[in-house]
Amino acid sequence: MEFPAALFPSYFGTGPPREEGGPSPVAGWGERGQVLEGGPGRRQVQPAFVPRRGATGERWEAADAAAVPVLLPSAGCWIPSPAPQDILYRSGLCRKLRAGKSGATLDFARQLGHFFVDHPEDAFGSLGRLLHKNFYLGNAKLKRPARNSTIRMTALVEDINRLEARRGCPRQHLASRLRWFSHLCRDWLFEVPLGLLADCLHEELTQQWSNLLFDDSLTGGALAWLPSEDGGTPVGRLLHPGGQAMNHLYFQDVVLEELPHARGSPAQFELSGRVRQVAAARVDGQDFVGVRSDYHCGVWRVPGKTGAAPTPLQVIRTDVPASCLTVSPHLPGELSVCTQSGTIYLWSVETGLQQLHHDPQTMFFRDHSPWRWSDFTSHPRVLSCADRTGLQCLDARAPKRCHFDLFKVGEEAGCQQGERVVLPMYLGRAHPSQYLVTTQSSVYVLDERLPLVPVLKWAHMMKAPPLFAHLMPGKPGRSHKVLLGASQTQELLLFQYRDGFWGVSSGGSQSACQLAGTPQKLHSIAGCLQHLPTQLPHRHHLLQQRLAAPAAGLAATLHEDGPHKSMLIFQLSEAGDIFCQRLTHKTAQPPVPPSRDEATTPSPAVPSPAAALQYRRWLRALSRACREPPRHTWPPSLSQRRLFTRRDLEGPAGPSSLQKQMRQRLRQTMQEGGCIQHWESLALQPPPLPQTLEPAAGPDPLSARLTAAWAGDWEQWWEERTSFSVAQRQQALRDRRRRQKRAQGRRSLSASFTSSLTYQSELSELSDGGPSLLSPSHPHILSQEGSPPAGSPPVRFPPASPVPDEALLSSQSLRCRGIPKERRKTLRDYLSVWAEGPPEPPEPPGSQASQLCIPSSQSQLSSASQPLRKRPRMGF
Amino acid sequence: SPNEHKLNFKKSKEACLSYIQDALLQKQWKRAAEFLTCYVESLEKDYSREHIGPSEMIWRIGTEILWHHSQSSMKEFNCFMEQMKTLGVKRYLKVCLEHVFHLLCNGQIDEAYQNLSLAESWRFGEQTAIQDKEMKLIQAYRGLLDYCSWSKQKNILLEHGEDGFSDLAAEQEMHGYFRKAAVNLKEIIKIPGVWDEFVKCYVDLLEFYGDHNEARQVLNEYAYNSKFPANPNAHVYLYQFLKRQGESKKSLISALKILHDIVPSHELMIDFNTMLQKSKKRKKRRLGLEVIFAALDYAGWKENAKAWSCLAKQVKQIVISEKHLDWIQQEWNSRKDWWPAFHFSRYLAKRNWQENTSLSYEKALVAGILLGKDCKYFKYVSHQGCKAQLKRFRMLKKFVNRHNPVYLRISG
């Protein structure tokens with residue numbers, strides 16, 4: 001590629017940037033920059049001039065009203081990353097204080113509190129075990145012998161609660177009791193010394209906060225598009241991360257039709273870290289894909305043929321998080337890796353890692369950011385390395401000796417004060433020696449052959465720094481298209497530049513770089529919300545949250561279908577959603593049509609039917625995927641079959657004659673529309689008045705009885721009412737307790753305390769069970785001689801109750817009952833065994849019951865619920 | 001309260017600006033124009049201390065809209081620009097310059113010249129550094145336009161001169177243009193920067209009037225002053241000047257040597273290589289080999305058939321003469337771990353053969369010598385060539401087979 005015969009005029013200064021001011025909302029408009037005398041005009045009478053900015057570009061128009069989802073959301077709900085309100089201190093007082101000062105206040109105390117509550121074992125484990133006998137959390141008075149060695153902590157807890165309630169109150173003063181307690185035990189109570197813990201937590205909090213302000217770990221983006229070699233059908237492969245932790249890598253074949261859609265199931269790899277960046281380059285007809293997570297980088301090879309399976313090649317592990325991974329467009333299996341310690345490696349699959357550069361300091365001036373970047377240049381052995389202050393090029397064969405500065409944040413490039421490098425990118429596919437550098441306010445195109453002086457500079461006016469960029473090279477004489485993407489705001493901007501304005505027709509001489517056309521804003525993912533079907537308010541809110549998730553990647557492809565050219569742009573969000581939009585190319589119209597500007601109509605106002613259908617499908621899949629798994633929403637259910645033998649459950653063959661009679665009467669009364677009270681006065685033997693065992697807590701006895709009668713259970717209800725039945729039930733219960741004790745065998749109960757508690761609860765359940773016929777399974781279980789009607793199989797009964805519900809098992813409720821932590825597990829175990837009932841029938845494997853008793857404190861992602869892995873697992 | 005009023009005003013100003021921005025980014029020029037008429041009110045209470053104030057914003061947005069708006073005309077544009085010039089004193093020169101650029105791009109050279117002259121006479125208080133720079137640019141562009149007029153006049157006179165006429169008045173006029181152009185152009189090229197256009201014009205003027213020493217000095221200064229950026233064009237202009245002057249090979253080579261040092265991938269490296277290869281001195285020929293190897297390191301040269309034929313020619317010469325095989329060996333040493341994959345893969349053999357047979361011939365020759373007759377690239381291309389019954393490929397095969405021991409010496 002020839003060097004331009006003449007460049008646009010510009011001043012060249014050295015030193016720090018002189019221009020003040022931050023990014024301005026309109027800085028990129030209305031400027032021609034400079035002009036240059038155009039070549040073909042030389043021989044003409046009038047010289048012709050061409051501007052640096054403002055040349056005509058290609059016209060690309062959005063084909064649809066908004067971006068459309070490409071893939072259906074995968075199972076498992078997205079866990080949003082922390083929002084500012086999660087880690088910032090929120091209170092009126094603090095806001096007032098903050099108004100004066102700049103910066104935010106991190107809610108350190110709340111986070112520390114969360115840690116103590118969420119990880120009590122790690123925070124107080126050993127001393128908790130030692131002291132639990134001496135701390136009493138119950139409400140009851142302590143008895144004499146215990147009082148000598150036990151402190152009642154209830155008051156302290158009350159004080160703490162009161163403190164919590166008064167949070168942010170300016171008049172709050174510490175309760176002396178709390179102060180006393182904290183003085184007393186600050187030094188020895190904590191498992192990890194408090195100072196150390198606080199330091200770590202504070203560090204983590206500031207890290208999280210700075211990530212919220214600007215997360216550079218996503219630089220480069222985690223989405224890649226591999227076009228397919230065979231030209232026939234327009235297909236390609238989309239590489240994207242997925243899964244709840246974004247730690248699965250998918251290679252999905254996508255067919256580009258009106259709306260791109262997935263074909264077949266994707267090749268999938270499980271990695272042991274969140275995928276931060278996916279980089280790809282094509283060398284010799286094969287794609288090489290580099291994947292970066294914090295501590296691991298991996299490389300895959302994907303043959304150009306469609307349907308060929310990707311092959312994992314190599315993985316490296318870094319001690320310090322890697323900040324960059326780029327794939328060489330020149331040599332197969334070469335990559336460059338940067339770590340946050342300031343080290344840059346050339347990584348070859350064949351020969352391994354070669355350290356090129358190590359410098360924890362930034363290059364041109366001091367900047368605190370540990371972010372480093374590296375990319376390839378037009379010389380396969382020369383790599384660029386970048387930090388926030390600029391770019392340098394190093395020769396891998398002699399990195400210490402051979403290097404030159406390519407870009408400096410300074411007067412050389414006419415930067416503004418405070419400008420920092422955000423993303424450098426080698427533009428080799430458009431021009432072998434050009435480079436793109438984005439900062440938070442401008443984009444620069446650099447030529448390696450003329451270092452330090454940008455051949456193009458333009459203020460991009462984006463609200464957030466562009467972390468992603470994608471190049472679509474144009475054919476000779478046509479403009480190159482560059483997409484810039486921001487993470488937090490999901491902004492997408494398309495601009496065009498040209499590196500040869502004299503055109504092929506006039507000799508094809510290389511000429512200076514020009515910005516072509518005006519920049520164009522593209523649809524963001526969040527923009528499609530208004531086109532989605534109306535949702536319930538809370539769903540709408542969730543949807544809004546999901547669609548507004550920060551962008552995590554950007555990919556695009558140009559697709560030519562005869563005369564129709566279109567551009568497909570894929571955007572990935574942190575929630576793992578991939579949305580796509582199509583731009584269609586409009587051929588240049590006659591120079592001045594009647595309405596030149598209105599011809600560039602805004603994109604259609606409503607989505608096309610196909611898009612609308614896709615929205616509905618996506619929404620349906622989303623609501624299915626995000627529905628809470630049943631065990632979280634429903635109380636655990638238990639099949640009766642597992643508690644009783646078949647014989648136990650066997651009732652008489654049919655309803656007794658009395659029952660039949662009663663039912664007939666009932667039906668008759670209903671048909672007649674008669675008053676139901678009268679049926680008692682029939683010729684039947686009048687039943688004795690029911691004897692209430694408990695003051696009516698539920699419905700009154702009459703309506704309870706009617707309900708029972710309506711369900712056909714009247715007789716049974718009656719039997720329960722009788723005292724005989726109560727005695728029998730008590731007997732049955734005792735029998736069962738004995739059986740259970742036998743079944744548990746050697747399982748030791750460390751304290752009679754727990755057993756007595758369960759016993760009590762059983763008894764209280766028993767006494768509660770009397771009138772509550774609306775949940776009649778309890779009487780059924782006990783009255784074995786009762787005759788359940790044939791029409792109602794036992795499974796139809798609502799699930800209930802000898803099973804201790806989740807609430808009982810949750811550590812919170814146990815704590816409320818004053819049960820020390822170390823005993824809670826025992827109690828839970830005991831209760832769970834009790835819940836499982838007699839062991840006579842073999843337990844069906846993987847039945848729901850086995851999940852019942854997972855203590856809620858362990859309710860993290862259980863590996864059992866993960867789908868079985870099918871694909872090989874890399875060493876991530 | 002008045003305070004709140006100010007705040008609300010500020011807020012609505014910001015909202016208005018964001019609407020405009022949105023419209024501009026979606027190419028809705030009419031909508032943007034309507035919002036802009038509202039935004040003009042923001043000039044009323046301009047308390048902002050931001051470095052781009054409302055007046056500059058209006059200028060930038062208005063210009064952008066007028067470029068694209070269907071109903072805008074040049075007259076309207078000029079009118080708007082005149083208003084904008086009076087609106088912001090600090091940015092007067094910048095606006096003038098941009099106005100001139102627009103006129104130039106629309107072919108209104110005379111209007112542009114008038115505007116430049118006007119702007120040049122503008123004075124307001126003490127000039128800031130930026131204004132100083134802008135003023136210099138204005139003068140330089142005026143110089144450029146003067147040069148254009150000079151050039152036009154010159155061509156007319158030259159045509160007339162052929163007819164045997166001599167028009168004294170026209171000649172005087174031309175000299176007048178020269179003086180005006182020379183003064184202004186001379187000024188700007190003293191300041192560090194990229195002034196390709198201005199330097200070229202100035203040198204053209206000087207050469208016409210026979211002031212070769214000044215021209216040489218200017219070009220030397222432009223190329224070798226360390227305060228200037230390392231602009232390859234500066235060296236190219238110097239080289240072209242020296243060539244025009246019929247300078248000795250030695251000085252041409254030294255000019256190109258420097259260009260080679262700063263941009264080994266410059267397209268002039270082919271000329272440089274040819275020049276060096278012709279030289280009788282061993283050192284120069286050695287340099288020629290270095291130059292062509294270095295050029296072919298770059299991705300942009302990968303498919304440059306001319307460069308490959310230069311390399312093939314020189315390598316063949318060396319192999320036949322069996323002298324200086326160590327040159328090849330030394331060049332090859334730093335490349336043998338990556339050139340095979342970069343240049344001589346089987347994939348490339350296939351593609352080069354399909355797309356450019358002569359390129360694949362030259363490359364196959366180099367590959368055969370550097371990597372031996374078993375190299376994938378050579379094997380594929382020579383096989384295809386023989387299959388296609390091309391004579392030179394058969395010769396190539398023979399040549400490489402005969403000289404296979406060279407490969408062993410190079411790689412050993």
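Which helix of chain A gives the positive patch its largest share? See the first view for that one; everything here comes from a predicted model.

**View 1. A patch of arginines on chain A**. Helix α11 (residues 609–626) is the one: 4 residues of the positive patch come from it, the largest share. The patch itself is formed by A:Arg539, A:Arg616, A:Arg617, A:Arg620, A:Arg624 and A:Arg627. Pick out A:Arg620, which sits in helix α11 and is partly exposed, with a relative accessible area of 47%.

View 2. A:Trp180 belongs to helix α7 (residues 176–185) of chain A, and at 48% relative accessible area it counts as partly exposed.

**View 3. A buried salt bridge between A:Lys481 and A:Glu58**. The two side chains meet at 3.1 Å, N to O. A:Lys481 comes from strand β30 (residues 480–486) and A:Glu58 from the loop between β4 (53–55) and β5 (59–62), so the pair ties together parts of chain A that are 423 residues apart in sequence.

**View 4. A salt bridge out in the open, A:Arg317 to A:Asp319**. This pair meets at 3.6 Å, N to O, and both residues are exposed.

**View 5. A salt bridge with A:Lys408 and A:Glu412**. The N to O distance is 3.8 Å. A:Lys408 is partly exposed at 21% relative accessibility, while A:Glu412 is buried at 6%. Elsewhere, salt bridges with shared partners join A:Glu31, B:Glu56, B:Arg60, B:Arg91 and B:Lys94 into one network.

How values were computed: Residues are numbered from 1 along each chain as its sequence is written. Chains are lettered from A and ligands numbered from 1 in the order in which they are written. This is a predicted model: local features need pLDDT of at least 70, side-chain atom pairs count only at pLDDT 80 or more; totals for chains, interfaces and linings use all residues. Side-chain values use heavy atoms; hydrogens and water are left out. Patches are made of residues with over 30% relative accessible area and no salt bridge: like charges are joined within 9 Å, nonpolar side chains (Val, Leu, Ile, Met, Phe, Trp, Tyr) within 5 Å. Accessible areas come from the Shrake-Rupley method with a 1.4 Å probe; for residues, only the protein chains shown count as cover. A salt bridge is a side-chain nitrogen of Lys or Arg within 4 Å of a carboxyl oxygen of Asp or Glu. Lys and Arg count as positive and Asp and Glu as negative; His and the chain ends are not counted. The place of a charge is taken as NZ of Lys, CZ of Arg, CG of Asp or CD of Glu. Helices (H or I, at least four residues) and strands (E, at least two) are DSSP runs, numbered from the N terminus. Buried means under 20% relative accessible area, exposed over 50%, partly exposed in between (1.4 Å probe, protein chains only).
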